[in-house]
Amino acid sequence: MLTILFDGIAYGMLLFVLASGLAVTLGLMNFVNLAHGSFAMAGGYITVVLVNWLGFPFFASLPLAFAASAVIGFIFERTLYVHVYRKPHLDQVLFTIGLVFMSVAALDYVMGSSQVFVQVPDYLQGQFNFFGVGIGRYRLLIIVICGLLTIALQFILAGTRFGSRLRAAVDDSRVARGLGINVNRIFAFTFAFGSGLAGLGGALGVEILGLDPTFPLKFMIYFLIVVTVGGTSSITGPFLASLLLGISDVAGKYYVPTLGSFVIYTIMIVVLIWRPQGLFSRASSR
Amino acid sequence: MIPPRPTILAATEWLSARARWHPLEFVFWIVAFAAIWLMPERHLILTEIAWLALFALSLDLILGYAGIISLGHAAFFGFGGYIAALLAKYEIVNEPVLALLIAGVGAMALGFVTSFLVLRGSDLTRLMVTLGVALLLRELANRYGWLTGGADGLQGAIIQPLFGTFRFDMFGHTGYAYSVTVLFILFLIARRLVNSPFGLSLMSVKGNPLRSSAIGISVDARLVAIYTIAAGYAGIAGALLAQTTAFASLEMFSFDRSADLLLVLIIGGAGYLYGGMIGAIIFKVMQDYLSALTPQYWPFWIGLVLVVIVLVGRDRITTWTTPFRRLAARLDWRAARRAAAASNEGQKP
Amino acid sequence: MLFKYATGAIAALALGTFAAGGAFAQDTVKIGLVVAMTGQQASTGKQIKAAVDLYMKEHGDTVAGKKIQVILRDSGSVPDNTKRLSQELIVNDKVSVIAGFEITPAALVVAPLATEAKVVQLVMAAGTSIITERSPYIVRTSFTVPQSCVIVADWAAKNNIKKVVTIVSDYAPGFDAEKSFTERFKAAGGNVIEAIRVPLANPDFAPFLQRAADAKPDAIFIFVPSGQGGTFMKQFAERGLDKAGIKLIGPGDVTDDDLLPTMGDAAIGTVTAHFHSADHPSAKNKAYVAAFEKANNFRPNFMSVGGYDGMHLIYEALKKTGGKADGDSLIAAMKGMAWESPRGPISIDPETRDIIQNIYMRKVEKKNGQLYNVEFATFEAVKDPVKAAAKK
């Protein structure tokens with residue numbers, strides 16, 4: 001019972017790291033980036049290459065996956081995305097779906113279409129027993145890393161100078177510019193950071209979710225669910241939504257395996273009908 | 001000064017001018033029907049284009065005319081498809097046309113029930129609610145495998161000849177003639193609909209719901225109505241697929257199906273009825289060509305095309321659809337002039 | 001009235017193109033290959049494509065005076081795509097054989113077409129038992145799921161496994177696997193304490209595995225389609241089930257050779273029954289695996305031999321008919337055909353047009369630092385048990 005709860009929390013945390021970057025671009029920059037999963041996939045494959053091919057230790061590969069995905073995100077933002085910010089949402093959908101298709105086919109070409117895994121060190125494998133609760137070592141690691149990340153994110157957005165500049169740039173970019181804030185640079189930095197988070201999530205997720213070139217398409221729905229259910233006006237919303245979805249998905253499959261994914265979709269619809277702006281958002285943000 | 005009289009006459013004049021046929025439209029449909037005779041070896045892909053065009057037309061009705069964005073339109077497509085396939089499999093209704101109508105009505109019923117879910121909320125909320133409905137239906141169809149065949153698809157349906165005479169042949173000849181006729185009839189109805197006062201009121205709802213309700217348009221009723229109609233269209237599109245392939249599968253409900261549909265409509269341009277159809281032609285032909293050329297990596301090139309379309313600017317690329325757009329503009333202008341003339345006429349003693 | 005005229009005109013046109021196509025088909029035999037090259041089943045499609053290419057490289061592209069031309073199409077694992085593409089290949093390209101079919105629905109949906117057009121439908125992958133019954137023109141060079149399942153059930157019953165939890169994917173081959181295993185295992189005195197079905201589309205096995213573990217079985221019987229074995233194995237290890245003494249048994253799909261090298265040591269000890277292993281110790285197989293790995297950067301799996309043997313069957317049938325490529329001659333020539341494949345001796349059952357092949361018991365072991373399915377017992381000339389039982 002508690003094992004299931006634990007698994008659900010770990011799953012939810014993983015979803016959160018994967019989706020939080022999307023929450024940032026969608027909620028703060030008001031940009032529909034369906035290609036978010038592609039950055040996660042990039043992070044995942046970078047880890048696979050580093051660990052399996054080049055023999056890097058697993059822990060060293062995590063920050064590298066973050067950095068590399070962030071750099072890729074930065075380059076894309078500067079060269080491509082920047083032209084699309086002002087276009088209507090439908091154009092953004094078309095554009096980012098195009099990017100997803102390209103990334104899927106490109107990785108298929110480079111890495112093959114089979115699922116790949118990363119060799120995690122032995123001490124992260126298996127479970128240990130804690131007062132009768134089976135605790136997966138790797139899942140525990142995910143919870144710790146994601147927990148720290150959440151606190152850091154919340155602090156950056158709410159407590160730092162950068163956070164307040166970002167919020168200013170989003171609320172009214174013209175006025176922000178007038179106040180001497182370099183809006184372009186802030187957006188680029190935020191985007192890169194969001195991509196980096198996705199990359200980190202991808203790297204952490206390889207062990208649990210598996211990785212193949214269709215990853216961005218397979219998990220796009222989950223990211224969108226997290227963001228819409230959580231609401232896009234804060235970081236805590238998507239965080240709690242991720243936990244809710246993770247736990248209910250795992251528990252639903254455990255207790256009523258025949259219902260499959262029913263639970264997660266029903267929860268989403270009910271929440272959105274009940275609170276169209278998302279479960280945890282202050283009313284009428286946008 | 002005599003105050004201008006209410007120009008009811010002018011308004012009807014304006015409406016009928018708006019609804020007048022442009023020569024290019026005749027060309028479009030003549031080509032579509034001529035393909036029955038001229039391109040017999042392409043009928044299979046043409047059939048696919050025809051039902052995709054109908055499906056896109058359905059999305060255009062709610063997105064282009066009422067501003068409801070949906071990522072779950074496959075729900076109605078699949079629902080209609082399964083109805084048609086089930087009716088044929090258990091030999092409940094043997095006449096395909098009748099089965100098609102029943103599928104359409106069934107999808108409309110589903111559309112009516114679910115329409116209340118999309119009345120409120122932002123674009124993103126609507127996107128996800130519609131998606132959720134489609135995914136739920138997919139799970140349901142999977143769950144009730146004894147009826148739907150589950151993940152194996154509904155096998156073993158035999159579609160009886162059309163009007164008891166025209167067999168659905170292997171070459172897809174009957175299939176295409178049937179699909180393009182259905183598409184044309186439903187297009188005519190849609191055309192009438194969007195050019196009617198109802199269509200106008202829809203567009204005003206899309207433009208500004210608050211003001212529309214202030215001038216006495218009942219916004220919710222309008223949205224429910226158009227959503228229901230569009231659902232019926234999508235159901236018929238799905239039924240066409242099911243009848244021309246004698247098969248229905250869970251894929252009909254899939255997220256990819258809805259997402260592709262949205263791409264089709266965006267490529268063609270929403271809000272002028274022909275957008276979905278032109279988008280369907282471009283998308284299918286491109287996909288067919290590229291996937292035959294490089295079966296493994298064609299998504300890359302499709303993706304590249306999409307990215308380029310957006311970066312270059314959709315308007316600039318689709319300039320060759322401008323005659324259609326210009327047509328709309330010119331009709332507006334012509335109608336305005338005629339309306340002005342009519343009202344001047346009215347003011348003379 | 002107009003409509004009748006229309007169909008008349010169409011028929012005339014179609015006849016015209018047919019006549020033109022007839023002359024062209026004299027010197028070329030076309031084979032339509034419809035498999036998933038993109039999407040979730042892409043790895044299966046790639047294996048088959050690579051094997052077909054390899055066969056043609058080794059044996060040339062001319063047989064019985066005919067040039068062989070393979071036309072590849074991507075189904076994307078969407079059955080109605082498979083149907084349309086197959087139809088176009090038959091109608092426009094005039095293919096003599098339509099081959100591929102990575103998943104059961106794809107194979108089933110094309111069956112009526114094969115019957116109507118009298119074209120041989122060669123199933124190179126999909127493994128549900130019923131497929132070959134759907135058209136007299138279907139022939140299969142892959143496998144049927146029950147073939148392996150009954151063998152593994154016998155083995156489990158004899159090796160002191162009493163309580164089993166079955167986990168299968170929620171679609172036709174999964175049901176086939178669950179049913180054939182359970183029936184045979186119960187008849188042999190075993191007990192299936194829980195039967196779990198997991199959704200095909202979104203394989204997160206953790207909760208299902210936890211449920212299976214809580215039932216405390218001696219072994220877990222697992223069937224997942226080719227390509228999902230890796231995730232399953234990872235999560236099996238993550239639960240610590242390998243260390244808890246729960247055995248993992250099943251048909252060989254779970255220890256797919258394509259993924260096995262990346263699965264990690266948790267897979268060691270898994271006992272499966274299947275028809276092909278990259279480790280099969282025959283000279284023919286060694287040459288096959290070496291050539292395949294040289295041409296591609298991955299290991300051939302059991303799907304690839306389906307493609308390889310499928311090409312062999314077409315070549316041999318054409319030799320036998322002297323180049324006649326109509327459906328009736330080809331299918332007649334294919335019935336009863338027997339040959340030595342990389343997987344061992346195989347033949348086509350003349351009654352069911354299904355494959356008869358050896359099934360091997362294998363255990364995952366480490367050899368030269370890599371994981372392999374090492375064979376330790378052989379069951380010769382196994383027919384599809386479902387059809388064999390139906391005949392009695």
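In strand E3 of chain C, Lys67(C) is the bridge partner of Thr62(C). Helices (H or I, at least four residues) and strands (E, at least two) are DSSP runs, numbered from the N terminus. The model is predicted: local features need pLDDT of at least 70 and side-chain atom pairs count only at pLDDT 80 or more, whereas totals for chains, interfaces and linings use all residues. Residues are numbered from 1 along each chain as its sequence is written, and chains are lettered from A and ligands numbered from 1 in the order in which they are written.

Strand E2 (residues 62-63) of chain C runs antiparallel to E3(C), and 2 bridges join them; two strands pair if DSSP finds at least two bridges between them. E2(C) and E3(C) form a hairpin with 2 residues between them. In the turn, Ala64(C) has a positive phi of about 50°. Strand E1 (residues 28-35) of chain C pairs with E3 (residues 66-74) of chain C in the parallel sense, over 8 bridges. Leu33(C) has Leu72(C) as its bridge partner in E3(C).

Chain B touches both chain A and chain C. Towards chain A, 31 residues of chain B are in contact with 35 residues of chain A, contact being defined as C-beta atoms, placed from the backbone, that lie within 7 Å. Helices H6 (123-143), H12 (255-268) and H14 (298-312) of chain B give two or more residues each to this side. The side comprises 22 nonpolar, 5 polar and 4 charged residues. In this classification Ala, Val, Leu, Ile, Met, Phe, Trp, Tyr, Cys and Pro count as nonpolar, Asp, Glu, Lys and Arg as charged, and the others, Gly among them, as polar.

Leu90(A), Val93(A), Leu94(A) and Ile97(A) of H4(A) meet Ala259(B), Leu262(B), Leu263(B) and Ile266(B) of H12(B). This contact has 8 nonpolar, no polar and no charged residues.

Towards chain C, 30 residues of chain B are in contact with 33 residues of chain C. The side of chain B that touches chain C has 16 nonpolar, 10 polar and 4 charged residues.

Technical notes
Two residues are in contact if their C-beta atoms, placed from the backbone, lie within 7 Å.
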